[in-house]
Amino acid sequence: MYFNNNTLVFLDGHFVKADQASCSAYAQSLHYGYAAFEGLRSYNTPAGTRIFKAKEHYERLRYSCQAVGLPLSHSVEELTEITYKLLEKNNFTDAYIRPLVYAGEPNMGIKAPATSNLFIAAWEWGKYLGDQCLRLMISPYERPNPKSVPIEAKISGHYANSIVASSDAKNKGYDEALLLDMNGFVAEGPGSNFFFEKGGELYTAPAGSILKGITRATVIELAREAGIKVHEQFFRPEALKEAEGAFLTGTAAEVVGVSSIGEHVFQKPFADTIGARLARQYTALVTGQAAGHLLTV
Ligand code: PMP
């Protein structure tokens, strides 16, 4: 799925064949989860192939590196340029893009390294068709304490928590986990942000114990433009009993509906919720079909 014999990736200043991009089994990042990454998407738009919010994603990558002391010398502009080149070389339009900054030197120590490696891969990812809604489960696993490693940094090691929570939910027959923070407030999904609808308004966890999603910010902007109130506030799982609908947001998932949370099944079909409306608007925006200032691809 990720590459074939012809796929090129970017590794430390060069475009190389994907099957030749390798990493030492002694790499510090592999042992300790000490790496930063991003997930971006490009879309086929009337103006050509466009990476959605490349600036925001690469600013977050730079922030993530800086938050944990991983060296990254490339500017946002350079990273964006490399990524467009990578798409062009692979002839990709609709793609998922995965930049990774890692400590690849053999090093079993736990001191931040003086150098890092930059890997950027992309693979074709067409429009996901179908509108299957997800059955969520409140996870027994909590999001990491934001004072352990900054939670607003997209650090590989955090995703041990995501994998454990998501696998647990799936093993129990659900589609995805919904995680609380260390104080018992609803935080987010393992790889997405969470919103619920009540009385024509939206509620989502505030910054603090979540990854501040770029899709989340886009959806909040779209909702507010449409005159829909969005509350960024802490809420407990009990508040979800009064929810009339819910959805997850993320670069990969885009805006995906939720049909139930634990035993609580939403009565309103997702198609009739604010989430469904925002999902359509989001698609229009990323594919360049929407007019207006929000079209900052
Ligand atoms: N939370 C977590 C834990 C994530 O991994 C992601 C995916 N990057 C998100 C939220 C959504 O972020 P974005 O909308 O920027 O993709």
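Reader: Which residue stands opposite His14 in E2?

Author: Leu11 is the residue that faces His14 of strand E2. The model is a predicted one, in which local features need pLDDT of at least 70, side-chain atom pairs count only at pLDDT 80 or more, and totals for chains, interfaces and linings use all residues. Residues are numbered from 1 along each chain as its sequence is written, and side-chain values use heavy atoms, with hydrogens and water left out.

Reader: What makes strand E1 and strand E2 a pair?

Author: Strands pair if DSSP finds at least two bridges between them, and four bridges join E1 (residues 8-11) to E2 (residues 14-17). The two strands therefore meet the rule, and they run antiparallel. Strands here are DSSP runs of E with at least two residues, helices are runs of H or I with at least four, and both are numbered from the N terminus. Two residues lie between the strands of this hairpin, where Asp12 takes a positive phi near 50 degrees.

Reader: Why is Cys65 called buried?

Author: Buried means under 20% relative accessible area, exposed over 50%, and partly exposed in between (1.4 Å probe, protein chains only). Cys65 has 1%, so the residue counts as buried. Cys65 lies in helix H2 (residues 54-68). Its contacts, leaving aside neighbours within four places in sequence, are Ala36, Leu70, Leu72 and Val101; contact means heavy atoms within 4.5 Å.

Reader: How is it known that domain 1 and domain 2 touch, and how many residues are in contact?

Author: The chain is divided into domain 1 (8-123) and domain 2 (134-286), with bounds that come from an automatic or database domain assignment. In domain 1, 21 residues are in contact with 21 residues of domain 2. The two domains bury about 1,700 Å² between them, 63% of it on carbon and sulfur atoms; buried area is the accessible area (1.4 Å probe) that two parts lose on being put together, summed over both. On the domain 1 side, Phe37, Phe52 and Arg60 lose the most area to domain 2, together 34% of what that side buries.

Reader: What makes the meeting of Glu254 and Arg41 a salt bridge?

Author: A salt bridge is a side-chain nitrogen of Lys or Arg within 4 Å of a carboxyl oxygen of Asp or Glu. The N to O distance between Glu254 and Arg41 is 3.6 Å, so the pair qualifies. The count between domain 1 and domain 2 is one salt bridge. Elements that give two or more residues to the side of domain 1 touching domain 2 are strand E3 (35-37), strand E4 (40-45), H2 and strand E6 (95-102). H2 gives the most, with seven residues.

Reader: Which residue forms a salt bridge with Arg143?

Author: The partner is Glu188, with the closest N and O atoms 2.9 Å apart. This pair links distant parts of the chain: Glu188 is in strand E10 (residues 186-188), while Arg143 is in the loop between strand E8 (134-142) and helix H4 (159-171), 45 residues apart. Glu188 is buried because its relative accessible area is 2%, and Arg143 is buried because its value is 5%.

Reader: Is Glu59 buried or partly exposed?

Author: Glu59 counts as partly exposed because its relative accessibility is 38%. Its side chain meets that of Lys55 in a salt bridge (3.2 Å, N to O). Both residues lie in helix H2, four residues apart, about one turn of the helix.
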